[in-house]
Amino acid sequence: MSLIEFTNRGIYCKQGNFYIDPWHPVDFAVTTHGHADHVKWGNKNYLCHELTKPILKQRYGLENNVQTLPYHKEININGIKLSLFPAGHVIGSSQIRLEYKGEICVVSGDYKVEYDGISTAFEPVKCHTFVSESTFGLPIYTWEQQELIFGQIKNWVKDNNHKGKTSILVAYSLGKAQRLIKNLAGEYPIYVHNSIANLNEGFAEVGIELPETIRITSEIKKDELQKGIVIIPPALADGRWVKSLQQPAIGVCSGWMAVRAGRRWRSADAGFALSDHADWPGLLSAIKATEAEKVFVTHGSTAVFSKYLNEIGINSEEVLTKYGAEDDEIIGEANENPLKEESK
Amino acid sequence: MKRFSQLIQELELSNKTNDKIAALVSYFTEADDKDKPHVIAMFTGKRPKRPVNTALIKQWAIELSGIPEWLFSESYSSVGDLSETIALVLPPAKNTIEKPLNQWITELAQLNGETDEVKKAYILNAWDSLNTQERFIFNKLISGNFRIGVSNKMLVNAIAKQNEEDSSKIMHSIMGKWLPNEITYKELIAGAHVNTDNSWPYPFCLAYALETEPENLGETNAWQAEWKWDGIRGQIVKRNGELFIWSRGEELVTDQFPELHFLKEELPDGSVLDGEILSVKDGNVQSFSILQQRLNRKTINKSQLNDAPIGFFTYDILEFDAKDIRQEPLLKRRLILVDVIKKLQTKNIVLLSPVIEFDSWEKLAELRKTSREINSEGIMLKKLDSVFHTGRKRGDWWKWKINPYTIDTVMIYAQKGSGRRANFYTDYTFAVRDGEQLITIAKAYSGLTDKEIKEVNSFVNKNAIEKFGPVRTVKPELVFEIAFEGIAESKRHKAGLALRFPRIARWRKDKKADEINTLDDLRQLLYSTL
């Protein structure tokens, strides 16, 4: 008997009577990470990593019914041994390891293999059944090392600064934004949108230290912004506020930017292929490292990726889920919670 | 090659003409002089002989990347460009080389006539020494085909700006005969290999669309009415024994239309004609889709000459007896034009575009309804006392086009686009109802906003039946209004009829799939137009 089954509410563990990242309200939800396609409001109880807790609080107002765990600590739920392992996707992101009578299943949520300097580094976990994403499950996606990409971004900012243009980086509020802040801090002041500033405050409360950033308010003059780096979530990239800035230059940070069509589609001034998901070699190495006998592919290039896994001798099956709903949009690597406050 | 690679990136990131021209100007200011003629040749489609064929290149890329062919195809349909797909799937390069662009091009040309082994060794070595963006450019150099939204006109404007030269002079110069490794950039700009004094065209006079009732234009006898033709606006220049044909985009298209070359002998020196390049068979104007077979071709074969013979319907004369007569009233220019055309010995190729006789606006409106019968798209109204304006000017010339036909259809297949739209389902097939069945009636891809395309795209992703390959069958649910210019019987199509220029007019979110038109509706339309 399999440890998990795929139901119309989400991934269900019958023995433990809990769901992992359900998309309809349930009694007990184990949450891999804080992106909106993995967290639904309205579950009775949540279990997540310690560092995901401030995210659930900031973004969804969840607090009292949230239980937390550190990485590697095992708890027992109806005989199921449950533990969390770092997924390297965003701060707090976890793979969920389940063990029952020697049978091991790991649900990865979203993951990336490269260490990004801020999210706890991905750890492969040996298991019998592995549930993987495949957002970038095509051999055209091979990321460059992030140092190279940050070098390109820094040069771009410098050039904009020199030409009197305002550098605006488009990045998801949770994950990509903190990664940019951590890796770009130093030369220029970094201005962030409310949704990012709020999350950063939440992280500060649990002891995650991020370099200093400035919350964007109406008091900040446009020529100050021109001299710094502005980070905003994708929802605002086409908005009026951006157009009102001094010679705005928009740089989109997303894995989709690896392909020319993606860059042109966004009509960005620059595209940086910086992703929080595993690339093709990353997906393959992660899956091989699990030594799993069965791999379920949940979202992204599911059909293609699972066909390929079968061809190289890894028993695989694609599963229809509601994760990555935004991933077919060129801008999306995860759902963004609609912004409560629009910056002026 | 770095500077060229930067140019390509700049050109691709902007869709604003001014940005592109600025990028070209700075390229032509900064780049190696030896590279420039190669770049001009490439952008104007002067392609060198392809040294290695596509099938081999693809085969080597698959071999090197170690992925199955089906996976390469899936990758290609996501990327939408073969050169780019190859650049992306190859394993990372182990070496680096920096060579100037002209050296790469020269070395590639030298591969012609070599064995496949020699070619393969050269290409694999290059792939292993270039980064992804450089590989992409290298692959494009092999195919010689750069389609990055730079028209001849844009290129010419940039070069003209950089050199403070007249753009029609530059156009003539680069459209002339020259080889990139035998000419310097300076010589090319100076037009040393051509005589640009003979070729220059006049700016076209353009009309606005008539948005009111023609009654508001006043008395009918102040106006000349002509059919509005759906072809390529053209200007024929004959000076000092040389003939030049310019298109509306101010591109030289002389070589594309050999049928008109007799004018070199027959049209008097110092003449410039304005008119429409059309396909004309037995005196009848054929539809634009037939003319299309003849456009932008480097070579023309016998059957194309036979199926789509070219004619020129002329309606104005701008220069006569080597004198600019654009300030003369239309009435007078027309008399001169009639005389010039009458004197041509070769008949039935260059024809006077007929003037429509009418004595009331109602009568003209009636005649306008018959436009489609002669493959015209409506009526042109020109004031008899009007001069030939430069560009678009309100008041003297109006186009009074007929409205397109429309039907409501449902989308049944979707396919990913190419180029900018490669990651999205943008090419759709539409059907009408035939009893209980749906029957394909048209394929179209234009007419939706980016936002709507995204919406349709996510519908296709959720409702597709197939998972592999380029075409997706989708649940017949989305209703689109299709506009088209005409309808004809067709044995090739299952529906037994074919629409002319179908395009998406709008997305009918207010309609359900059971409210679409039927095949019978279309058959009735067909019979009523026969």
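This is a predicted model: local features need pLDDT of at least 70, side-chain atom pairs count only at pLDDT 80 or more; totals for chains, interfaces and linings use all residues.

Chain B is divided into three parts, namely domain 1 (2-143), domain 2 (205-401) and domain 3 (405-529), while 28 of its residues are in contact with 20 residues of chain A.

- On one hand, E5(A) pairs with strand E4 (residues 28-30) of chain A in the parallel sense, over 3 bridges. Within this pairing you can find Val30(A) opposite Leu47(A) of E5(A).
- E5(A) also pairs with strand E6 (residues 66-69) of chain A, again in the parallel sense, over 4 bridges. Here Tyr46(A) has Val66(A) in E6(A) as its bridge partner.

**An open sheet in chain A**

- Chain A also has an open sheet of 6 strands, in the order E14-E13-E15-E12-E16-E17, and the pairing is parallel.
- Which strands stand at the edges of this sheet? They are E14 (214-215) and E17 (270-272) of chain A; each has a single partner strand, so one side of each is left without a neighbour in the sheet.
- Strand E13 (residues 190-192) and strand E15 (residues 229-232) of chain A pair in the parallel sense over 3 bridges. To see one facing pair, look for Tyr191(A), which stands opposite Val230(A) in E15(A).

**A helix in chain B**

- Helix H4 of chain B covers residues 54-65, which makes 12 residues. From its first C-alpha to its last it reaches 16 Å, close to the 16 Å expected at 1.5 Å a residue.
- After H4(B) comes Gly66(B), whose phi is positive, near 70°.
- In general, an α-helix has 3.6 residues a turn, so residues three or four places apart point the same way.

**Where the chains touch**

- Of the contacts between the chains, chain B supplies 28 residues and chain A supplies 20.
- On the chain B side, the elements giving two or more residues are helix H1 (2-13), helix H5 (69-79), helix H6 (82-89) and helix H18 (450-463) of chain B.
- The largest share of that side, 5 residues, comes from H5(B).
- Sorted by class, the side of chain B that touches chain A has 9 nonpolar, 11 polar and 8 charged residues.

**Exposed residues and distances in chain B**

- Is Lys491(B) buried or exposed? Lys491(B) counts as exposed because it has 7 C-beta neighbours inside 10 Å, and the cut-off for exposed is 12 or fewer.
- Lys491(B) is found in the loop between strand E20 (486-489) and strand E21 (497-500) of chain B. From Lys491(B) to Tyr425(B) is 66 residues in sequence and 29 Å in space, C-alpha to C-alpha.
- Asn125(B), in helix H8 (residues 116-127) of chain B, is exposed too, with 12 other C-beta atoms within 10 Å.
- Asn125(B) and Val474(B) lie 349 residues apart in sequence, and their C-alpha atoms are 44 Å apart in space.
- For the domains, the centres of domain 2 and domain 3 of chain B, taken over C-alpha atoms, are separated by 35 Å.

Methods: Residues are numbered from 1 along each chain as its sequence is written. Chains are lettered from A and ligands numbered from 1 in the order in which they are written. The expected span of a helix is 1.5 Å times one less than its number of residues. Two strands pair if DSSP finds at least two bridges between them. A residue is buried if 20 or more other C-beta atoms lie within 10 Å of its own, exposed if 12 or fewer, and partly exposed in between; C-beta atoms are placed from the backbone. Two residues are in contact if their C-beta atoms, placed from the backbone, lie within 7 Å. Ala, Val, Leu, Ile, Met, Phe, Trp, Tyr, Cys and Pro count as nonpolar, Asp, Glu, Lys and Arg as charged, and the others, Gly among them, as polar. Domain bounds come from an automatic or database domain assignment.
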